[in-house]
Amino acid sequence: MEEIDRRIVTLLASDGRMSFTDLARETGLSVSAVHQRVRRLEKRGVVRGYAAIIDHDAVGLPLTAFVSIKPIDPAAPDDAPERLAHLTAIEACHSVAGDESYILKVRVVSPVGLEDLLQQIRASANVSTRTTVVLSTPFEHRAPELAGEVTSDSDGPA
């Protein structure tokens, strides 16, 4: 990926609503050149979409937890994501290496809501769970550091 495309991706990851005019100013390209590059990045699947970042406390989902799951029967089919897809409190499902098979990021109303969700997860996917409750989130949704990009913290090899 070209350096200018990495810059555009980083800018859009920080602010998905950034205008083509602002992208052009930040990259030194014309508005039409930025527009073409963004469309090309979308077509290639580098930029897959744009989304609003929600304040979960404001919408009544203040409790975030990570739920690690592993099958009760290791010989059972690995279909937990399909079995859990209907549970909308699960925000993300990550396949992981290690003792567990998946880690789920969940958001619920209360500890009672978490307990109910854990029962639904266990029953739906026939898994055991291990839960970590989030106390606070100092940062989230950070723009990625893309290969070839130099940050202010790195001055090159030591």
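Colleague: If Ala, Val, Leu, Ile, Met, Phe, Trp, Tyr, Cys and Pro count as nonpolar, Asp, Glu, Lys and Arg as charged, and the others, Gly among them, as polar, how do the residues lining the second largest pocket divide?

Modeller: Bearing in mind that this is a predicted model, the lining of the second largest pocket divides into five nonpolar, four polar and four charged residues.

Colleague: And what is the volume of that second largest pocket?

Modeller: The second largest pocket has a volume of about 230 Å³, and of the 13 residues that line it, those closest to its centre are Asp57, Pro62, Thr64, Arg107 and Thr137.

Colleague: How much space lies in the largest pocket, then?

Modeller: About 740 Å³ of space lies in the largest pocket, which is lined by 21 residues, and Leu12, Ala13, Gly49, Tyr50 and Ala51 are the ones closest to its centre.

Colleague: What classes do the residues of that lining fall into?

Modeller: The lining of the largest pocket is made up of 12 nonpolar, five polar and four charged residues.

Colleague: New topic: at what angle do the axes of helix 2 and helix 3 cross?

Modeller: Helix 2, which covers residues 20-27, and helix 3, which covers residues 31-43, have axes that cross at roughly 105 degrees and come within 8 Å. Because an angle from 65 to 115 degrees counts as roughly perpendicular, helix 2 is described as roughly perpendicular to helix 3.

Colleague: Which residues make that contact?

Modeller: From helix 2 the contact is made by Phe20, Thr21, Leu23, Ala24 and Thr27, and from helix 3 by Val31, Val34, His35, Val38 and Arg39. By class, the residues in this contact of helix 2 with helix 3 are six nonpolar, three polar and one charged.

Colleague: How far apart are the axes of helix 1 and helix 3?

Modeller: The axes of helix 1 (residues 3-14) and helix 3 lie 11 Å apart, and the two helices pack at an angle of about 80 degrees, which makes helix 1 roughly perpendicular to helix 3. In helix 1, Ile4, Asp5, Ile8, Val9 and Leu12 meet Arg37, Val38 and Leu41 in helix 3, and this contact has six nonpolar, no polar and two charged residues.

Colleague: One last thing: what does UniProt list for residues 1-62?

Modeller: In an unreviewed entry, UniProt lists residues 1-62 as "domain: HTH asnC-type". In the model, the chain over residues 1-62 is 53% helix and 0% strand, with its end C-alpha atoms 39 Å apart.

Methods
Residues numbered from 1 in each chain as written. Predicted model: local features only at pLDDT ≥ 70, side-chain atom pairs only at ≥ 80, totals over all residues. Heavy atoms only, no water. 1 Å grid on protein atoms, 1.4 Å probe; cavity = no way out; pocket = protein on both sides within 12 Å on 5 of 7 lines; lining within 4 Å. Points joined across faces, edges and corners; volume = space filled by probe spheres on them. Nonpolar A, V, L, I, M, F, W, Y, C, P; charged D, E, K, R; others polar. Axes fitted to C-alpha atoms, helices over the stretch in contact; angles between N-to-C directions. Helix = DSSP H or I, 4+ residues; strand = E, 2+ residues; numbered from the N terminus. Parallel < 35°, antiparallel > 145°, perpendicular 65-115°, else oblique. Contact = heavy atoms within 4.5 Å. UniProt positions renumbered as here; feature names shortened; annotations may be inferred.
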